[in-house]
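Subject: The structure for you to look at

Hello! Here is the structure we talked about, with some notes to read beside it.

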Amino acid sequence: MSDLRAVLWDMDGTLLDSEKLWDIPLYEYAEKLGGILSPETRERMVGSNVPTTMRLLFADVGIEPTEADMADGAAWISRRTEEVFRAGLPWRPGAQEALRAVRESGVPMALVTSTERSLTEVALDTIGRDLFDVTVCGDEVDGLNKPLPEPYLKAARLLGVDPVRCVAVEDSPTGVAAAVAAGCTVLVVPCDVEVEAGERRILRDSLVGVDLDVLKAL
């Protein structure tokens, strides 16, 4: 990647240790519906968008939801998640320093997240809007969410770069699949879910010490 054109960052589980915060509203809502969210289903939600998460949740508690049920549930979880986010968002190890180091190098950067825009804006209060040239959120890709490549393809289009010349930084199998399908090289720093080795993916224990030179060497 000596001709690196841009760095595309996932958010939840990659920059922020926020998957554990998502646990709070998800488990609470399952209980509100009279059920218990299984760890297996929660794992399948990691990296997914809101509609997929809601379908998995309702199925796990044995309810066939109407469209109104889905909308009400998504709105409840969004409100509760915003409360949790505003209480404080923890960084993943090395993430804050890695972001600043790459930003200072002058290489364009995008945030590519499955989280909807309203909650992403809350998170950006912690991360810093100035770090990204563009942001692509889960409700801005016409339903073509991760693991489909569109979120990363859209980020590359907005930046005016070839995704093949980009490094994506991800933590989940869902996100990695999207970035690989888009043609990116992927730096994988697993958080809560194991990610298998594979094509165009380089696994690392943390973002500690990551800078432009590290990314170019991938």
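Here is a question to start with: in strand 3, which residue is the bridge partner of L111? The partner is T135.

Before we go on, some ground rules. This is a predicted model, in which local features need pLDDT of at least 70 and side-chain atom pairs count only at pLDDT 80 or more, while totals for chains, interfaces and linings use all residues. Residues are numbered from 1 along each chain as its sequence is written, and side-chain values use heavy atoms, with hydrogens and water left out.

The sheet

Helices (H or I, at least four residues) and strands (E, at least two) are DSSP runs, numbered from the N terminus. Two strands count as paired if DSSP finds at least two bridges between them. With that in hand, you can trace an open sheet of 6 strands in the order 3-2-1-4-5-6, with parallel pairing. Strand 3 and strand 6 (201–203) are at the edges with a single partner strand each, so one side of each has no neighbour in the sheet. From one strand to the next, the twist averages 20°.

Buried here means under 20% relative accessible area, with exposed over 50% and partly exposed in between (1.4 Å probe, protein chains only).

Further along, strand 4 (residues 166–170) and strand 5 (residues 185–188) pair in the parallel sense over 4 bridges. There, E170 stands opposite V188 in strand 5.

A loop and a helix

T113 sits in the loop between strand 2 and helix 6. Is T113 buried or exposed? Its relative accessibility is 3%, so T113 counts as buried. Leaving aside neighbours within four places in sequence, its contacts (heavy atoms within 4.5 Å) are D10, M11, D12, T120, V136, C137, G138 and K146.

Helix 6 (residues 117–127) has the buried residues L119, T120, V122, A123, L124 and I127. Their cover includes helix 1 (19–32), helix 4 (67–86), helix 5 (95–105), strand 2 (109–112) and strand 3 (134–136). After helix 6 comes G128, whose phi is positive, near 115°.

The cores

A nonpolar core is a set of buried Ala, Val, Leu, Ile, Met, Phe, Trp, Tyr and Cys residues joined through side-chain atoms within 4.5 Å. In soluble globular proteins, nonpolar side chains tend to be buried together. The largest core here has 47 residues, of which W9, I127, F132 and L207 touch the most other members. Domain 1 (6–17 + 90–217) and domain 2 (19–87) both give residues to this core, so it lies between them; the domain bounds come from an automatic or database domain assignment. Apart from it lies another core of 23 residues, among them A155, L159, A168 and V188.

Two helices to finish

In helix 3 (residues 50–60), V50, P51, M54, R55, L57 and F58 meet D69, M70, G73, A74 and I77 of helix 4.

Enjoy exploring!

Key:
Axes are lines fitted to C-alpha atoms, for helices over the stretch in contact, and angles run from 0 to 180 degrees between N-to-C directions.
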